[in-house]
Every structure is written in C-alpha cells, then in structure tokens.
Amino acid sequence: MATMESLIVTVNRIQRACTVLGDHGGDNALPTLWEALPSVVVVGGQSSGKSSVLESIVGRDFLPRGSGIVTRRPLVLQLHKTEQGVQEYGEFLHLPKKKFTDFSVVRKEIQDETDRITGKSKQISPIPIHLSIYSPNVVNLTLIDLPGLTKVAVEGQPESIVQDIESMVLSYVEKPNCIILAITPANQDIATSDAMKLSREVDPTGERTFGVLTKLDLMDKGTNALDVLEGRAYPLQHPWVGIVNRSQADINKNIDMIAARRKERKFFAASLDYGHLASKMGSEYLAKLLSKHLESVIRAQLPAITSLINKTIDELEAELSHLGRPVAVDAGAQLYTILELCRAFDRIFKEHLEGGRPGGDRIYGVFDHQLPAALRKLPFDRHLSLQNIRKVVSEADGYQPHLITPEQGYRRLIDGALNYFRGPAEASVDAVHFLLKELVRRSIAETQELKRFPTLQAEIAAAANEALERFREESKKTTLRLVDMESSYLTVDFFRKLPQEVEKGGKPTSSSADRYGEGQFRRIGSNVSSYVVMVSDTLRNTIPKAVVYCQVREAKQSLLDHFYIQVGKKEGKQLARLLDEDPALMERRQQCAKRLELHKSARDEIDSVAWVR
C-alpha cells in the first residue's frame, strides 16, 4: 500500500508541474489538471488569524505581515517532513535549487514575487506562488493560502476588489476535491464569519469543511467556545479545532513558533473549559488531522484522477495531430510541405466536382435548368412579329423587291435571332465560373491541413481564381464561337425541305401582292422560328460541352499548374512566408503541448507509486 508520504508528495509534484506549465485552473479553453487535484485551501477574513495558523503549522515565521490585503496571490505551501537533525529550508518553484535557510528572507521573497506580478499596487493575481518547506517539525501536507476576504476596498484598491477576492476564493473552494480550512476568530460572532458563510455556500453539508477557531485566549472572561468546538452551535462533518495564536507581544519579543506551540499546548491542558478537548486542539493536531484526511481523499480520488489524465492525454494527442507538426526550417522540406498541402486541397476540390462532396451537382443544374430556362425566355416573339418581319424584309430588298424568295430578309431575320443566343451562352460560362470559385473557397476551408497557414490559403485562393478566370475567358470565346458558327453558315437542307405554295398550273406564286402579303410574312416568321428552334436544340447540347471542356475539365487537370511553377522558383525566405501560421493556432499548439507534457508527467508520477490493492 502506498504510504501517506508518497501520496501527498506525488500530488505535490503534480501541482508544481501544473504551475510550471501554466495550469492554474479556471481556463475553459484547455483541459485542467489543477482543479482535479485534492487540496487544502485556507479561507478566512482579514485579521482572522489565518497567517498565524499557517505559521503555527509550519513552526516558522515566514509570511508577510501588515495591514490590509497582504496575501495578494495564492500561496501553494507544500510541507515535507525530513529526518531529525536536517536543517530546515524553503525552496521556491520560481527559484529552483536555491535553498532559503533564513525564513525572514523567505518572507521578503514572497513579497517581492507578489510585487513582480501585481506591482506595488493592492491588486491581486490568480497566478500562484509555490513554496516548499523541508523540516523535521512538519507533517507532509499541502495548503493553499488565499487572500483574506474583505468587506470594503481600502485606498489604492479598485472598487471591485471585494468581489475579485471572493471570486478567486470561490474558484478554489467550489471544486469537489477541495478541502476547506475555514478560519474564524473565537472573539467574533460565528454567524458573521466570512469563511463559514462562503464554505456553507459551496459545501452546505459540511463534508469538505474543517472549522478552525482562533484567538480562544482573547475571548471575554466567563465565556467560551464549547458550543462551537463540540459541534452544537455550527455542526460540521469534521471536528472543530481550536487554536491559540501568538500574541502581538510574543511576536514583538520574537518568540519562536516552537515555543509558541508549547505555550499553546499548555493553554489547552490547563484550561478548565477546554481541558477535556486538549488532545484534539492546537496547531500540531490540526496539521496531523489535515494530513491524514488529505491522504485519504487523495487515495479515494486517485482512480478518477488517473482516468481523467489518460482521457485528457488521448484528447490532447488527437488535437495536436489535428493541428499538425511545427513547420520545418529546411527550404526543401518547406517546398515539399507546400506541395503536399496543395495536393490535399486539390483532392478535396476534385471530390466536390466528381460527387464525393456536395457542390458539383450545381454545375449540372446550370445546364439542365438555367440554360434551358434562359433559352425559353429569349424574345423571339417580338423579333418575329409581323411588323418586324415586314420591316426587316423590306429593308433587305432595298430599292428592288425580291423576285421569288426574300433570301436576304431570311438571313437578316436569322442572324438577328441567333444573336440572342450569345446572352445565355455567356451566362452559362459565368454561372459555372461562380460555382467553381465557390468550390475553391469551400475546398480551402475544408482542407484541415491548410487551416494552420492563412498566407498559403490566400495564395492558393488567388492562384486558383486567376486560373479560373483564364478558363472562363477561353470558355467564353469557345461558346460564342459556337453561336457565331451557326450564324456564319445556315443549314441549306432545312430550307430546301420547306413546302412552297404553287399556282393551279403548278408554278410557284410570285405576284407582287403575295410577296408582300401578310400570309407571306407569316410563312417567313414560321420558317425562321422553326430554324431557330433547331439551332436552340443544338446549342443546348453544345454549350455545356464547351463549358465543361474549357472550365470544369481544365480546373480538374491544371487548376494550380501555374502556381506550382511559381512556387518552384521561390527561395527559402519566400517559402517560409507562405508557411506563416496563424498566431492563434501556434499559441494553441504550444498550450496543448504544455498540457500534454503536464498530464504525461502526472501519469508518470502516479505510476511511480507502488500500489497494492
């Protein structure tokens, strides 16, 4: 079975690793281990004797003193019991390997390190200070000292300081693995105790709260705190512990903490009120009680902590894999990376076109819906109205009317009608161009590997859009050629097969009245309309072929060909600029890597403890 020492020391090491790697809890953006670790948090109002309790447990004067808010950063105090005869010393996490044997220097370093983060102001900071004390006069225990609760802001403090301190304290004590050490002076009405009020909010049943009554020796004569200490006035799941602090006179006389402990034991042993409780009173008993309870909580929670660590390691490794490795510095490796990223984008773009992903079907929609609808809406009725036919035929004849069939009139009517097909042809090209640009945008967004590199994303988008613009111009030329070809050579057989009206003698009619009669113009309109319908059916099939060949096919085969040529000419610095990552993503990778290191370190620490079930 693991010893109490190995359990608490293991958690101590994990807590130190949390601070080194930036896990102070309260960060919703990253998984936190700090909040899962059992801890003893010291809570009390200003002047409640909180500092004196901690110094009594340690047996040393080491905490800054003064008026107002003295503790302005959480102090994680890790106590390590050593062999008798070993010199006591303190060690700060921010000053590794430097041993402090003079505890007045420890006090100064706490103050200096606090000022380093908060400045000389009265501001507070959630970043903890880690102090380890090695001494034969302590038990293995970790305590977290927080700023004292206050009701009003003093000079130099922001108005929000009262709420800021309460929020910081709540962030610790509301954790289910937190053991609350609630400090209340005995010469104060416990109903008004800041510490008990706060602990009752987060721990209404008192399962996690240890009540400590300080200043028992300063109560009015004839009064005592037995109702509280014996659990009648304010019952908790754990026994109350009474403490006798050093008086100001003792502090002024530099009476050391070891002597103060003896004086405290003597007070309880000789007290008529508390003599029967003497064995369960005092700072030494409190330290042993907390150490034993902390060990039992750690033992109970360790399986859940281990499970959380393993789960978080899997999640962080998956996210780091998703975020990708840091960019190589070698130019050849950078070029290879860029080409691989381009190929990843190209694969997704082709999947959109070929049906693996949505979007390509909308191109078919242009040909199957938009183009036919546009062809149907062309204003042929107006162009082939009797009035326009008469006008066009008459103008085509000039000063000499046609003799048999108004061929020039036919040609002009057909040319005018076929010219209308240019609009739908160009519109089809533009519609497909727009869809291809949208697919490029979506493909870049869906290429997970590219998310790290906003500069390269922009370059690929620009190169792809430039290529699509070239494809559009070529496609537009080709589709308009199809229309122009229909105009440049009319299908003669179509007109040869048209029925002609004949006279009774079998000769075609040719009178001047017939040539310019309404019936003749109607026949001309009908014939031209039939020819236009035939051309429309042809273009409805050939325009999509031209668009797909010139735009879709080229986009599939050579979208980034020009970009590849340009990238191949770039030098190392230019390649590096293409692979500039999003600063937020780089920061996220670094944070995840630190958290992964922390959780793996914690797993190793736990694995190093030998367990016997």
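**Exercise 1.** Find out which residues of β1 are buried on one side and which on the other.

*Solution.* S39, V41 and V43 on one side of β1, and V40, V42 and G44 on the other, are all buried, so that both faces are covered; buried means under 20% relative accessible area, exposed over 50%, and partly exposed in between (1.4 Å probe, protein chains only). Because six of the six residues of this strand (residues 39–44) are buried, β1 is largely enclosed by the rest of the structure. Strands are DSSP runs of E with at least two residues, numbered from the N terminus, and two of them pair if DSSP finds at least two bridges between them. β1 pairs with β6 (residues 178–185) in the parallel sense over six bridges, and there G44 stands opposite I183.

The model is predicted: local features need pLDDT of at least 70 and side-chain atom pairs 80 or more, while totals for chains, interfaces and linings use all residues. Residues are numbered from 1 along each chain as its sequence is written, and side-chain values use heavy atoms, with hydrogens and water left out.

**Exercise 2.** Determine how the rings of Y234 and W240 are arranged.

*Solution.* Rings of Phe, Tyr and Trp (its six-membered ring) pair if their centres lie within 6.5 Å, and planes under 30 degrees apart count as stacked, over 60 as edge-to-face and the rest as tilted. By this rule the count is nine aromatic pairs. The centres of Y234 and W240 are 6.2 Å apart and their planes stand at 85°, so the pair is edge-to-face. Y234 is buried at 14% relative accessible area, and W240 is buried at 3%.

Methods
Helix = DSSP H or I, 4+ residues; strand = E, 2+ residues; numbered from the N terminus.
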